[in-house]
Amino acid sequence: MEKVTTSLKGKITAENVQRIRRDLADSISKGDNINICCRAVDKTDLAGFNALVIAHMAAVRANKALQYINCQEPKLADFISQTQFGHVFVS
């Protein structure tokens, strides 16, 4: 199983959600076990969070594992706590 580790940086918001989706799709295409580090994320909105969840679901449909790690940005942590995706997002 090919492992891929990459990072998201800056804003995960409606402003750049299309780029985030392309970057995540690229990571998913490169491996079967994908870790996305979110340590350098400094802002998240609902559109950005939805893009992360959609990427995870796309990976699952492709029989791949995708996990977000170091998810400490306050709004991202808030979205995680309000959903059932705690297994996908790790602090």
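In what order do the 4 strands of the open sheet come? They follow the order β1-β2-β3-β4, and the pairing is parallel. Two strands count as a pair if DSSP finds at least two bridges between them. The strands (E, at least two residues) and helices (H or I, at least four) are themselves DSSP runs, numbered from the N terminus. At the edges of the sheet sit β1 (3–12) and β4 (89–90), each pairing on one side only.

Before going further, a word on what you're looking at: this is a predicted model, where local features need pLDDT of at least 70 and side-chain atom pairs count only at pLDDT 80 or more, while totals for chains, interfaces and linings use all residues. Residues are numbered from 1 along each chain as its sequence is written, and side-chain values use heavy atoms, with hydrogens and water left out.

Let's start with β1. It runs parallel to β2 (residues 33–44), and 9 bridges join the two. To see one of the pairings, find Thr5: its bridge partner in β2 is Asn35.

Now for the helices. Helix α2 (residues 46–61) packs on the sheet and touches β1, β2, β3 (65–69) and β4; contact here means heavy atoms within 4.5 Å. The direction of α2 makes about 150 degrees with that of β3. Such angles run from 0 to 180 degrees between N-to-C directions, using axes that are lines fitted to C-alpha atoms, for helices over the stretch in contact. Helix α3 (residues 74–81) lies across β2 and β4, and runs at about 120 degrees to β2.

What holds the inside? Look for the largest nonpolar core, which has 23 residues. A nonpolar core is a set of buried Ala, Val, Leu, Ile, Met, Phe, Trp, Tyr and Cys residues joined through side-chain atoms within 4.5 Å. Buried means under 20% relative accessible area, exposed means over 50%, and partly exposed is in between (1.4 Å probe, protein chains only). The residues with the most contacts inside this core are Leu8, Leu24, Leu52, Tyr68, Leu76 and Phe89. At least two core residues come from each of β1, α1 (17–30), β2, α2, β3 and α3, and α2 gives the largest share, 5 residues. Take Leu24: leaving out residues up to four places away in sequence, its contacts are Leu8, Ile36, Ala51, Leu52, Ala55 and Tyr68.

Next, hop to the loop between β3 and α3, where you'll find Asn70. Asn70 counts as buried because its relative accessibility is 15%. Its side chain makes a polar contact with the side chain of Arg39, at 3.1 Å. A polar contact is a pair of N or O atoms within 3.5 Å; within protein, one must be able to donate a hydrogen and the other to accept it, and residues adjacent in sequence count only if both atoms are side-chain atoms.

Finally, the charged pairs. A salt bridge is a side-chain nitrogen of Lys or Arg within 4 Å of a carboxyl oxygen of Asp or Glu, and the count comes to 3. In helix α1, Arg19 and Asp23 lie 4 residues apart, about one turn of the helix, and form a salt bridge with their closest N and O atoms 3.1 Å apart. Lys30 and Asp26 meet in another, at 3.1 Å from N to O. Lys30 counts as exposed because its relative accessibility is 54%, whereas Asp26, at 37%, is partly exposed. Over in helix α3, Lys75 and Asp78 are 3 residues apart, and their salt bridge has its closest N and O atoms 3.7 Å apart.
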